[in-house]
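Visitor: I have a new model open on my screen. Could you show me how to read its core and its strands?

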Amino acid sequence: MTTYSLTLRDEHLAQLKDHLLRVDGREHAAYILCNRAVVRHEPWGRHAHQKFLVVRVIPVPDDQVIESTPHLVTWSTVSYVHTLKEAAANNQVIGIVHNHPSAMPWFSEQDNQNEPDLIQMAVNRNGGSTNLISLILTTDGQLIGRVWLKPKKNSYERLDMIRTIGIDYQFHYPNRDQGVSIPALHRQALAFGDALNSDFQKMRIGIVGCGGTGSALAMLLARLGAGQLLLIDNDIVDRTNLNRLHGARQADADAMRPKAKVVARTISEMGLGIRAIPIEAWVADPECRDPLRSCDVIFGCTDDHEGRLFLNRFAYYYITPVIDIGLAIELNNGSPPSFTALDGRVTVLGPRHTCLLCRSVIDSEIARTEAMRRSDPDEYEQRKAEAYVIGEANPNPAVITFTTELACMAVNELIHRLQGFRGLDGAIANRVRKFHLGEDRRPGHKPHTACPICANETVWGRGDTEPFLGRID
């Protein structure tokens, strides 16, 4: 079994709306070109999944339209053949998008008759493994889609999810407005409506790092009804972090249990029907690739620069929002010590957002040192003795009240981007809470012109590459 989904950026949706949803009340058409993300086994159902990542919208020119009415649109195949050629040259998948002015929420009989011919043309031109995506944009902005697998009648699969990612996050999927919330979420629905509960139940959310912040995040998301959670951490519970790890017990420290498994156990014991999958690994290990590609949103709660560097790249390659969280505590040498900095940060990553490198959150030299420690510990120890490595110090201070408040800040940012409770300008790409000063700040940073990630649109939505995510410096 294979399921299918599609992700497009909000500017792509704006382009489609501008071309398709006109005041003339007629149908119009456009093409999309997509890269792929292939998941061999997603972690919750263990089935295969393919994501199509939109990288370009190509309107069908009006002078190629043969007939356009409120119920159908036909056009010359010249532009279609040209777009097929471009898709083949770039190893991409082509899609056709048209509108239904009548707000018809599924494909018409005319669509069912025409599209097998279009997939046949695609197979003839680009080969037998070619797919064809077909999307409908309704007058109220809803997206419905399917992917043709063969040039035969009814040889298609419905797109299980269509995501629009930008300042806000929109999810289109079958029966979104018909979900039934469990009694435990009734009061949440009173505040935000049933759609948010439905979205949380449908979403697949990754948490990288299950320490003080990550464990708090997992508990909050589970109690919000997030149906599928992915928990990645390669560390174990010990006595020094028992006071910060939500759900951890002394017995877990005695048994040296993995943090991810302890958090998953605690979520299971809630009895809310949440499926939490623990993976005991470092985030960039190959075994994490399929699970991460399966996620709709990822929270980064790792405290290492190498892990952040990986997630920083992943967010743009896969158009998967990463909400990165960090806590910086600096003390003077007084007795008792006092704070010179007590800063909590929540940063949203993805296209049109400034990355962590350009915000100076990641130190590439420290990341290289961490990579050496992981891949060549003997060389690392030798360089450490020679004072050639940086970033080694005493453990960072951490306090559960601050890490938990950061988790609340991050989850509330996600809720706003799903539901919009703060209003039109409520999204905050980078928030720094100065706990010791009792104030919030929003430091702004522009991408460096030479940044290979957030200033380079050619990697946005690139999807699967060899090597994975290209070369990480």
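Guide: Gladly, and please keep in mind that this is a predicted model. Let's start with a term: a nonpolar core is a set of buried Ala, Val, Leu, Ile, Met, Phe, Trp, Tyr and Cys residues joined through side-chain atoms within 4.5 Å. In soluble globular proteins, nonpolar side chains tend to be buried together.

Visitor: Which residues touch the most other members of the largest nonpolar core?

Guide: That core has 85 residues, and Phe200, Leu217, Leu221, Ile267, Leu292, Phe299 and Leu414 touch the most other members. Helix α13 (residues 400-419) supplies the largest share of this core, 9 residues. There is also a second, separate core of 21 residues, with Leu13, Leu20, Val54 and Leu143 among them.

Visitor: What is leucine 221 in contact with, leaving aside neighbours within four places in sequence?

Guide: Its partners are Phe200, Ile205, Ile207, Ala226, Leu229, Phe299, Val411 and Leu414.

Visitor: Now the strands. How should I read the two faces of β8?

Guide: In a regular strand the side chains alternate between the two faces of the sheet. In β8, Leu143, Gly145 and Val147 lie on one side and Ile144, Arg146 and Trp148 on the other, and all are buried.

Visitor: Which strands are joined to β8 by bridges?

Guide: Strand β7 (residues 132-138) runs antiparallel to β8, with 6 bridges between them; leucine 135 is paired with glycine 145 there.

How values were computed. Residues numbered from 1 in each chain as written. Predicted model: local features only at pLDDT ≥ 70, side-chain atom pairs only at ≥ 80, totals over all residues. Heavy atoms only, no water. Buried < 20%, exposed > 50% of the residue type's maximum accessible area, 1.4 Å probe, protein only. Helix = DSSP H or I, 4+ residues; strand = E, 2+ residues; numbered from the N terminus. Pairing = 2+ DSSP bridges. Contact = heavy atoms within 4.5 Å.
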